[in-house]
Amino acid sequence: MVNRNWQEALSRTKRAAFGRLSTLLGTSELTPEFWQELEAALIQADLGVKLTLGLIKELRDRSAQEGMTHASQIVSELRTNLLNRLITDNVQAPSSGPMVIFVIGVNGSGKTTTAARLASHYKRQGKICMLAAADTYRAAAGEQLGLWAERLNIDIIQGNPGSDPGAVVYNATQAAVARTVDVLIIDTSGRMHTQHNLMAELQKVCRVPQKIIPEAPHQILLVLDATTGQNGISQARSFLESVDVSGVVLAKLDSSSKGGVGFNVSSELGLPILYVGLGESEEDLLAFSAEAYVDELLAPSENIAQSK
Ligand SMILES: Nc1nc2c(ncn2[C@@H]2O[C@H](COP(=O)(O)OP(=O)(O)O)[C@@H](O)[C@H]2O)c(=O)[nH]1
Ligand SMILES: [Mg+2]
């Protein structure tokens, strides 16, 4: 089931960039032209120049040592080296009390959708969830999360449009403790690194739950839009400077034409990828699997056709 989701979701990505890679790996001799083509294919797939050159060097050295002549012989080495580059982590729930999770990022990255789908994910695991709409700047943002909460039948704490997001977070943390919920997921408003006042506000808002639960927040998830590539990575850095980000949610990986952005998240931000968004529906947020990600990106394109 999970693999089918990965296959379907990454089919667009693969056609655009990784498709070329799997064709290359399936048919080529290890000639100088092959290495040039492989380099171009990996860069086109958004792995970044630094990572690509490092991988190529490792593979060239290895193939020379082992006397390999055909590209198919380096596939398992490439797979291992790609897997080694990805940082993953398991989310640990606290032993008692609600787990408090913030969802942060720039406008339109997929925060509200992620907050709702994360709640749905935990609900399916039998956890009692609560949502908090701390994006009080736009009335539409609160309404959007409200609709999700209604659809998912999950409690939500909201404030009036324009009200203090810190107050919403305080009320939500208090309610989460009083109603003994397992997971409190807090949606925040989008902001850019150039908006210093908003970055400072985020810092403050993320500290609010501490007043009630000393070890909270347990997770601060940075949502990145996979379609924004390198630009998204640069924006992400300023969030790391402001708050203690636990990991990344890579949203819209299904719409990305360059599926390799996950490698940049690991190599340039040093953060684990915790979840990926592979579509717009409720079930389309999956816990990240490095194996599924790499295998699907390297798999011959026929696999996609067969899965349909
Ligand atoms: N295809 C696709 N669309 C997504 C995904 N996640 C979010 N979206 C869409 O991206 C748009 C912005 O999402 P939203 O959650 O409102 O972003 P926010 O401004 O960060 O809260 C919406 O139209 C979502 O349906 C995803 O994983 N895949
Ligand atoms: Mg939003």
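Student: Where is Asn90 found in the chain?

Tutor: Asn90 is in the loop between helix H5 (75-85) and strand E1 (99-104). Helices (H or I, at least four residues) and strands (E, at least two) are DSSP runs, numbered from the N terminus. This is a predicted model, in which local features need pLDDT of at least 70, side-chain atom pairs count only at pLDDT 80 or more, and totals for chains, interfaces and linings use all residues. Residues are numbered from 1 along each chain as its sequence is written, while chains are lettered from A and ligands numbered from 1 in the order in which they are written.

Student: Why is Asn90 called exposed?

Tutor: Let's count neighbours. A residue is buried if 20 or more other C-beta atoms (placed from the backbone) lie within 10 Å of its own, exposed if 12 or fewer, and partly exposed in between. Asn90 has 7 other C-beta atoms within 10 Å, so it is exposed. For a sense of place, Asn90 and Tyr122 are 14 Å apart in space, C-alpha to C-alpha, and 32 residues apart in sequence.

Student: What makes the phi of Asp46 worth a look?

Tutor: Asp46 is not a glycine, although its phi is positive, about 75°. Most residues other than glycine have a negative phi. Asp46 belongs to the loop between helix H3 (32-44) and helix H4 (49-66).

Student: Is Asp46 buried or exposed, and how do you know?

Tutor: Asp46 has 24 other C-beta atoms within 10 Å, so it counts as buried.

Student: Which phi does Lys252 have, and where is Lys252 found?

Tutor: Phi of Lys252 is near 60°, a positive value, and the residue is not a glycine. You will find Lys252 in the loop between strand E6 (247-251) and helix H11 (261-269). With 22 other C-beta atoms within 10 Å, Lys252 is buried.

Student: Why is E6 described as largely enclosed?

Tutor: Five of the five residues of E6 are buried, so the rest of the structure largely encloses this strand. Gly247, Val249 and Ala251 point one way, Val248 and Leu250 point the other way, and all are buried.

Student: How do you know that E5 and E6 pair?

Tutor: Two strands pair if DSSP finds at least two bridges between them. E5 and E6 have five bridges, in the parallel sense. In this pairing, Leu224 stands opposite Leu250 in E6. E6 is also joined to strand E7 (residues 273-277) by three bridges, again running parallel. There, Val248 stands opposite Ile273.

Student: What makes the unit of E5, helix H10 and E6 right-handed?

Tutor: A crossover is right-handed if, with the strands pointing away from the viewer, the path from the first strand over the helix to the second runs clockwise. E5, helix H10 (residues 229-242) and E6 make a β-α-β unit of this hand.

Student: What makes strand E2 enclosed?

Tutor: Six of the six residues of E2 (residues 129-134) are buried, so E2 is largely enclosed by the rest of the structure. Both faces are covered, with Cys129, Leu131 and Ala133 buried on one side and Met130, Ala132 and Ala134 buried on the other.

Student: Which strands pair with E2?

Tutor: E2 pairs with strand E4 (residues 183-188) in the parallel sense over six bridges, and Met130 has Leu184 as its bridge partner in E4. E2 also pairs with strand E3 (residues 155-158), parallel over four bridges. Here Met130 stands opposite Asp155. From E2 the chain crosses through helix H7 (residues 139-152) to E3, in a right-handed β-α-β crossover.

Student: What is the peptide bond from Ala216 to Pro217 called, cis or trans?

Tutor: That bond is cis, with omega near -5°. Most peptide bonds are trans. Pro217 is in the loop between helix H9 (196-207) and strand E5 (219-225).

Student: How do you know whether the radius of gyration agrees with a compact globule?

Tutor: The radius is taken over C-alpha atoms, and the globule rule is 2.2 Å times the number of residues to the power 0.38. For 308 residues a compact globule would be near 19 Å, and the chain has 21 Å, which agrees.

Student: How many residues surround ligand 1?

Tutor: There are 18, and the closest are Gly110, Lys111, Thr112, Thr113 and Gly277. To be near, a residue needs its C-beta atom, placed from the backbone, within 6 Å of the molecule. Helix H6 (residues 111-124) gives the most to this shell, with three residues.
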